[in-house]
Amino acid sequence: MSALLELRDLTIDYRSRRGLVPAVRGVNLTLEAGQTLGMAGESGCGKSTLAMSVLRLLPKTAVIGGEVLLDGEDVRTMSFGRLRAVRWAGASVVFQGAMHALNPVLRIGDQLAEPITLHGGAGAKSNSPADVQRAVGELLERVGLPRRHAKAYPHELSGGQKQRVMIAMALACGPRLVIADEPTTALDVMVQAQVLKLLGELVSESGIGLMMISHDLSVLAQTCQRLAVMYAGRMVELGPSAQVMHQPAHPYSKALAAAFPTVGDPASRMAPQGLPGDPPDPTNLPGGCPFHPRCPVSTVECESTDVLLRQADPEHQAACVRVPENVTETAGEPV
Amino acid sequence: MSEKQQTPSQLAWARRKEAASRAWKQFRVQRSGLAGLIALGVIAALAILAPVLTDSAQLDVTKVNGPSLGAPSGDYLLGTDENGRSVLLLTWWGARVSLTVGLSAALLSVVIGTVIGVLSAHFGGWVSAILMRFTDFFLVLPSLVLAIALSTVLDRGLFTIILAIGLTSWPSTARLVRAQTLSVEARPYIERARALGGGHTHVITKHVLPSVLPLVFANTTLAVASAIIAESTLSFLGLGDPTQVTWGSMLKSAASNGAVTTGAWWYLLPPGLGIVAVVLAFTLCGRALETVLNPRLRGER
Amino acid sequence: MTDLLTPGEQTEPPASTGRRSSSGTLRFVLGKLGGAVISVAFVAGLGFLLFRVLPGDPVLTMTRGRPTTPEAIAELRIRFGLDDPLWKQFLDYVGGLLTGDFGTSYAYSRPVGEMILERVGPTLLLVGTGTILAVILGMWIGIRGAWEHGSRFDRTTTSLALTLWSVPTFWLGLLLLMLTGNLFPSGGMVDPSTPKEFLPQLLDTAHHLVLPCITFVAVVYAQYQLVMRSSLLEEMGADYLNTARAKGMREDMVRRRHAVPNAMLPAITLVFLHLGLVVQGAITVETVFSWPGLGLLLYEALSYPDLPLLQGVFTVLAGSVVAMNVVADLLYRVFDPRVRAV
Amino acid sequence: MSELIRAEDLSVRFKARGGATARAVDGVELTVRKGEIVALVGESGCGKTSLARSLLGLVQPAQGSIRFEGEPLPTTSKGLKAYRRQAQLVLQDPTGALNPRHSVYEAVAEGLRIHKVPGDERELVADALSRAGLRPPERYFLAFPHELSGGQRQRVVIAGALALQPKLLIADEPVASLDASVRGEILALLLKLRQDLGLAALVVTHDLGLAWNIADRVAVMYLGRLVEVGPVEEVLTAPKHPYTQALLSVLSETEEPIVLSGEPPDPTRIPGGCRFHPRCQVVAAGLPEEMERRCRTQDVPILTSGEQTQVACHVATARATTG
Amino acid sequence: APVAVPAHAQQQQQPGPVLRVGLLQNIDSLNPFLAVFQSSTELGRLMYDFLNANAAKDNSPAPGLAEKWESSPDKLTWTYTIRSGAKWTDGTPITAKDVAFTYNLMVTNDAAATANGSFVSTFKSVTAKDERTLVIETKSPQATMLSLDVPIVPEHLWSKVSDIGKFANDQMPVVGSGPFILTEHKPDQFIRLKANKDYWRGAPKIDELQFLYFKNSDAAVQALRKGEVDLINRLTPTQYQALGSDANITLNKAPGRRFSELLINPGAATRDNVAIGDGNAALKDVRVRKAISQGIDTKALVERVLKGFGEQGKGIIPPVFSDFHWEPKGAEVNTFDPAAANKALDELGMRKGADGVRISTDGKPLKLRLYARNDRPNDVTSGEFIKQWMLDIGIAVDFTTISGNQMNEQTNTGNYDLAFSGWGTNPDPDYILSLSTCSQRPGADGKGGTTAAYMCDKTYDELYAKQLAEFDPAKRAELVKQAQARYNEVRPSLVLYYENALEAYRSDKFSGFTKQPEGNGVIREQNGVWGYYGAQPVGSSGSGGGSNTGVLIGVVIAVIVLGGIAIVVISKRRKVSSDDRE
Ligand SMILES: Nc1ncnc2c1ncn2[C@@H]1O[C@H](COP(=O)(O)OP(=O)(O)OP(=O)(O)O)[C@@H](O)[C@H]1O
Ligand SMILES: Nc1ncnc2c1ncn2[C@@H]1O[C@H](COP(=O)(O)OP(=O)(O)OP(=O)(O)O)[C@@H](O)[C@H]1O
Ligand SMILES: [Mg+2]
Ligand SMILES: [Mg+2]
């Protein structure tokens, strides 16, 4: 049986005036049904690009290489009709920034009903207006919003409420995979906690696969079983949440984890941890390991060798020369 | 970021030069804008050089002896008007007046609009309320009708036309400048400048104006375009100065002297095409400039 | 007139976060109406002052060239209240306006209001037909152009729009007159010999309408096209379009259901905002084609010059623009839920 | 440590849409001492920025006073200008805080020019830049903001503030818009400046981790009021106010987060009694009737600006006094 | 029902010949007491008969409603015999009472005197002795008693009008007595009149007369070419020349009734001889005024400005009124002679300065302002010429164009040096001559005057008074000519030229237009309506078919355009949905 989502050697470049901008540079990833995967990395490292490629939603300027398999079927070569069928019913997306992802002039209820009607009543009993309305009401209640909000316009809701609507919308057709792209970034701490809790509950009770993207490792660690860390279009670390968070194998993951200190941890008191240097410019990546100019522990070797993911633990891979090169070089397959 | 010992003013100059060359680079890639600029350059050069290249005496009805409404011929490449003057020459010289009127009226309107827009956005409160009420009032006034009224009331002449156009077309600039000023004023760097101790003058001259002026400039080029059309319309309605040769007044005399009836296309086409060419050139330039200055539009037009 | 080409001037919907409230709506409507009333008052005052500054004695203009006696002149001065002090003239004028009396035309010795009323119909017919056609044409091209932006269709239509936009209306009218030869009448609205029945009158009017309407549309539609195009382009990158696509929607549905309605808002509002201004475009068209509307009336009043008539037409035109602005504001509120709730 | 700036019973109000008044800051007593870093934390919309801006005289307080080094804040524009040499502002978004048309040099020199600071401008700018960690400074003179990374931009903003040699830095969410890996660097810089120049700072943030990283004292704000003030170690390790507790719980991965119900509070409609009671998990969990009545009806006194930890909670105060 | 009646419509379209006339000036009022526009007075003539007519042949008084008349020896009492058998168009007979009512209304009602009040200003009484006898007594002799240009209105209808000043007279069809009956008026669009079959002179030969309104003469010319109208006037020379090539069109060039003049400020003063204005003092000298005149080539103006369609100016009465037109002789002739002008000015001590401009007697350069109305292209062009010619005789001219209003303002206050002016004249010379009498200058308040030339000459005034009292036509003509000679002598203005009236009509459709005066006269804007009255269709074909085919063509085109759009839309739709792109 094929995995829910499988990325094989995925590369994505954007055509731009300055030439090709590599956004994703060879990513291998597998997500099984019911699994939750967190994806972290700093701004511009290619997280959203990767997520959008799953539903072939990238702009026309994107050049895609490799394979994107949804239930074993390659999204890249699907007919457009088939793709439309897969969209939302097979995999849905919670977009970054709910304010803009909702159409400002349509009522919430209509926007929720839209995917249901489009997919012939998927997620409702039938495609009849009454059934669709009922389904919309249920969806709203599922995310903790009163049914009457179906009549509201997006601007009448708060940021947290809108994000809930987006989640409800993602669940409308009962997809097997949900991709949440920074679902909480713009939200306040407290609201963020509410949304994350909700998302966690929904995923665990319905057994769907979740890919969640954020730049905040601690947020991901609370919700996801596994964590992937990206740097400059590559996956640099992949493993169970606790391990990546607390025993990171890649220096970048380490820095990322340290940037969100644990309150009460005397080690970080009056000692903010940072990573010197600037994020890499995708058009002009340094040679060797792309991280080496900022790496506190880089060696001469790092300047020349471009390291791919290596097996650090049975379930834990990292792309760093310090990880012993014992097992296969071209890992990426979970065990 | 190179030279070691530069004075701040040298730095500023270097910066300006760089910004200008960057803007020029962005402008250059827009083919229509470039075409507009070239067209404008050619037309402006011709207009400026008219006294050198042509004999202005041939504009004097008392000195010419061509046929009345004569068709194009070897002597008169674009035929003659009802008084036997060369239409080519009239069109050529008409460009001078039309351009002058267009530029001056646009300038007047843009200056008024900018001052009102910046002041009303910067000071807010009742200043803004009054100025905006004023602007809104002028904005709803049908500007052509008002210009007609003004040119009826004032002494006939180029200056009146300039005044009439300038005084009636500023509100849209004021709105634009106000919107732009408001958006600049909402930027954190204004708050920072104020926190650094900068007063109104500092904020307006160092931050607001520099970021508003380029857009005002683009707006001016567009305003020139509409001022030229407005001039021709007023002249056509008989509100211009009949002793001045402008494209509008040429069209008026063409229309009232039977150019349409006699099919004297050579009298009707050149001034009209002149207007279209200049207005189009200004519009293209203005749009290209806007695209350069307003990144939101970049790559869309 | 360039207004439409300049971005940023587009009416920005006031950012709002509040909830809907009926008292807010009422306050909004009242505020707008109040503003409009003030504007109209300004217009009336301005109109009065402006034309009072006119040099020359209107009575002399009136009587020039025909036998008159000093007594008759004095009589006329009194009849038109020209010997009253300015403030009294103003009070009379305002009082008249309030009772719907625009004064008496110098040239025609008829109530100005009546004369204006006669000409409103033809102008509405011309401007109305023209605007409807221009809006349909402009929006359609604008939407298509934006959706396929960069395509040949887009490039040609945009260039065409910019070119037409640069054409003086009256010149286009003259050219059309010259080029169409015998196909269309040279002027007027309906032939006197046409039977006074509905269908022949309609057809004849339509026949007369063709050239003025084409002229009008050609110059006006470009604005709508450019506005619609940039408005839609602005929406093209919007995230909710991606959401719609991600839901599995077909591209043309994305356009119809999501992109266009959003882009339509500013465009429609602008149409209304500019409708009032467009009326003045009728001045030149009506003059060229002898179309018996307000514009022609203004032109005639101008050449006389007939002060009360000028004043009346000016007030009515400006007033209609003010009214259109109020309509535009209210429409925005009706159509855009974001603004409605304040 | 002596007092540098002190807000007394400070209130800031805004006319909100629809005619309501937003009490953005509603009676705050806060002190920053010389050389001290104070963190002001709270959720979005609780009035942090308004408080910070009023401290700089950028908004007029509706009530209360601000004293800088014992003197009340001047009201004349000249006086304010002089004051603003002493207190400087660093904003959340360094990209926005720099005029895209001004080079780094001009951005840093702007304050110097406004105040006509004597001395060689070039040297002063270079000095400020290198203090802010942009070395060698000449390399950055001609750069434009868009050519710099976010972290570098924030350093330029800080350099601009430092160039005037202020005594107080008010930083409104200085790292919120920066990438995780970069924020540590900026925070370290603040600490270093305190160490080198004795600079006092009020750091506004919604992130308790940041407070833990650099602050001496922390003030927790809720709906225009301070609800808990005290040394970081005390407040963050043993929070007494239910709101502080909730904030802390959602940060940690280990604890079960206390997710407060209800919508974010609205400063135009501040509830009566303890302003936190509608969302208070302690109230929700049930309290003795007498206690609950106090929470619902009786406003909590304004915290004074003392050295010790203080908490504005009927329950916590009652517990502390009873044992 | 309106949709299903093409056959019926066709029937209505069938009536007899319709003469369509292009109208360039709209109608100010249908009320003949208020109408002052040329177009409206002409319409009034079509609708109403006058007491007397002006003969088509030579403008001489002819019978109108009055078939006979006589006056008392002192010329103060006039008795007219109203013809019998003339009827109002509602069938009521026209009697002397109607005429008396009309004149008395004008005498007693100020509003009714608006347009034609001057004709009754000397009336002492107007009485209808019986149905057919009208007696008018005047306070002083009035030369225009046989050319009272007043439409006579029916008493039985107009006596019910309460406020003449507000009465629109638009109850269609309007009851009148003229050759045509007004049946429809659409302001700014058209006027329809149907023939009055019972007209006492006999029914017109056309069934209907339509005036179609055109805003500019070019549109009217186009319409004539297309056959939309059959008769137009007020052509520009260029239009006139252009129409010459069309075989179906006949042109008519007639001497005009207007003279154009150049005012030369002789020292403006009020009625009470108080000097006003700021006219150049040098111009007070008649020799300077004459020198200036000598420097102006009126022949060249006729050729270059009027393109030959006009005649050189002589007296203030145009040659069309040949009885009164004055031909200068010998030294009276103003010949173009710059050398003589230079010499004359030199002799006056106004020597040329270094720049070629003369130094006036007051020591200042001789600089004159020249005003032209900006809505009179001929004046503007003439101005350019005059400016040049003046330079040749050492006078610097500052040429400005101003609005008609401003022109009135400047000339009425005497604030001008040189200015263009001009007047239309009537068959009777009294009014135009009266304008140049001393009493026509403005009053002390600067208001009330109608003259612009500031002529005030005792000799002239005497001649004027004499001609007014002279009832022998030949002697009167002689006096009128002497007055003009005197005017020329005083030279408060130089008569530049008389423009021709240029007209054109579809000779393939109509003929028989009676010209006034006979031979080379005008068809329209006559002192009468002979032109329209005489018009008769050529062959059998009426007009009107053109507009029907036009409608058809229009509809076809509209259908094609709409169809084209629909096809484009549909095909694009299909294309878009077929390559349903991503
Ligand atoms: N449409 C596009 N055209 C060109 N380049 C693009 C486009 N979209 C993204 N990029 C570039 O691709 C890279 C990856 O972008 P992406 O949006 O996937 O990053 P991200 O990890 O989601 O960042 P963030 O955390 O800011 O959302 C960036 O360098 C970005 O500049
Ligand atoms: N200029 C203003 N006009 C009206 N209301 C304002 C203004 N500034 C702030 N407010 C209101 O005052 C309240 C407090 O705002 P403030 O910006 O101080 O909060 P904050 O704690 O800084 O929030 P955030 O974390 O989102 O920055 C908010 O409800 C806000 O809507
Ligand atoms: Mg992203
Ligand atoms: Mg804030």
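This is a predicted model: local features need pLDDT of at least 70, side-chain atom pairs count only at pLDDT 80 or more; totals for chains, interfaces and linings use all residues.

Q: OK, ligand 1 then. Which residues come nearest to ligand 1?

A: There are 13 residues around ligand 1, and the nearest are Ser43(A), Gly44(A), Lys47(A), Ser48(A) and Thr49(A).

Q: What does the side chain of Ser43(A) do there, in terms of distance to an oxygen atom of ligand 1?

A: An N or O atom in the Ser43(A) side chain sits 2.6 Å from a ligand 1 oxygen. Gly44(A) uses its backbone instead: an N or O atom there is 2.8 Å from an oxygen atom of ligand 1.

Q: And how much of ligand 1 gets buried by the protein?

A: The protein buries 67% of the 630 Å² that ligand 1 exposes when taken alone.

Q: What about a nitrogen atom of ligand 1, how far is it from the side chain of Tyr14(A)?

A: That one is 3.5 Å, counted to an N or O atom in the Tyr14(A) side chain.

Q: Which helix gives the most to the shell around ligand 1?

A: Helix H1 of chain A, residues 47–54, with three residues. By class, the shell around ligand 1 splits into five nonpolar, six polar and two charged residues.

Q: Switching to ligand 2. Which residues are around ligand 2?

A: They come from chain D, and among them are Phe14(D), Glu43(D), Lys48(D), Glu173(D) and Pro267(D). The shell around ligand 2 has four nonpolar, five polar and three charged residues. Helix H1 of chain D, residues 48–55, gives the most, with three residues.

Q: How far is Thr49(D) from an oxygen atom of ligand 2?

A: It's 2.4 Å, from an N or O atom in the Thr49(D) side chain. A polar side-chain atom of Ser44(D) is 2.6 Å from an oxygen atom of ligand 2, and a backbone N or O atom of Gly47(D) is 3.0 Å from an oxygen atom of ligand 2.

Q: What share of ligand 2 does the protein cover?

A: Ligand 2 has 630 Å² of accessible area on its own, and the protein covers 63% of that.

Q: Now helices. At what angle do H6 and H7 of chain A pack?

A: Helix H6 (residues 159–171) and helix H7 (residues 189–206) of chain A pack at about 15°, with axes 10 Å apart. That's why H6(A) and H7(A) count as roughly parallel, the cut-off being under 35 degrees. H6(A) passes H7(A) in a right-handed crossing.

Q: Last one: how many helices and strands does chain B have?

A: Chain B has 11 helices and zero strands. Its C-alpha trace spans about 75 × 50 × 35 Å along the principal axes.

Definitions and conventions
Residues are numbered from 1 along each chain as its sequence is written. Chains are lettered from A and ligands numbered from 1 in the order in which they are written. Side-chain values use heavy atoms; hydrogens and water are left out. A residue is near a molecule or strand if one of its heavy atoms lies within 4 Å of it. A polar contact is a pair of N or O atoms within 3.5 Å; within protein, one must be able to donate a hydrogen and the other to accept it, and residues adjacent in sequence count only if both atoms are side-chain atoms. Accessible areas come from the Shrake-Rupley method with a 1.4 Å probe; for residues, only the protein chains shown count as cover. Helices (H or I, at least four residues) and strands (E, at least two) are DSSP runs, numbered from the N terminus. Ala, Val, Leu, Ile, Met, Phe, Trp, Tyr, Cys and Pro count as nonpolar, Asp, Glu, Lys and Arg as charged, and the others, Gly among them, as polar. Axes are lines fitted to C-alpha atoms, for helices over the stretch in contact, and angles run from 0 to 180 degrees between N-to-C directions. Angles under 35 degrees count as roughly parallel, over 145 as roughly antiparallel, 65 to 115 as roughly perpendicular and the rest as oblique. A crossing is left-handed if the near helix is turned anticlockwise from the far one by less than a right angle, and right-handed if clockwise.
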